[in-house]
Amino acid sequence: MIDIQIIINIASIITALGIIFDLIFSVYGWYLKKEKNDNDIKIIKEEQIILIKSVLMCLKSLKEQEGKESIVETIANIENYINNQAHK
């Protein structure tokens, strides 16, 4: 005969298993989101590199045409930034 205590124990085990599986799936979902975010950040960084190099090329072209000191200073700042980022 099935006792009330056996039913309570079975329900407790089922509840505990449900909580454990929920925790496992939550951690796995977090891992998948983190992996996607890491990939998105990598893509954004690559785009930023292209943009900053393009700005640098435009400034160098402008420097050849006008040669203003502010342009030269900006070019130096961007080149220093790129150099510092490359050595991190």
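Which residues in α2 are buried?

## The buried side of α2

In α2, the buried residues are I71, I75 and I78, where buried means under 20% relative accessible area, exposed over 50% and partly exposed in between, with a 1.4 Å probe and protein chains only. Because these residues cover an arc of only 65 degrees around the axis, they sit on the same side of α2; the arc is that of the directions from the helix axis to the C-beta atoms. An α-helix has 3.6 residues a turn, so residues three or four places apart point the same way.

Helices here are DSSP runs (H or I, at least four residues), numbered from the N terminus.

## How the model was read

This is a predicted model, in which local features need pLDDT of at least 70 and side-chain atom pairs count only at pLDDT 80 or more, while totals for chains, interfaces and linings use all residues. Residues are numbered from 1 along each chain as its sequence is written, and side-chain values use heavy atoms, with hydrogens and water left out.

## Packing and core

The buried residues of α2 pack against α1. Leaving aside neighbours within four places in sequence, L59 is in contact (heavy atoms within 4.5 Å) with I71, T74, I75 and I78.

The largest nonpolar core is made of five residues, L56, L59, I71, I75 and I78; such a core is a set of buried Ala, Val, Leu, Ile, Met, Phe, Trp, Tyr and Cys residues joined through side-chain atoms within 4.5 Å. Two or more residues come from each of α1 (4-66) and α2 (69-86), and α2 gives the most, with three.
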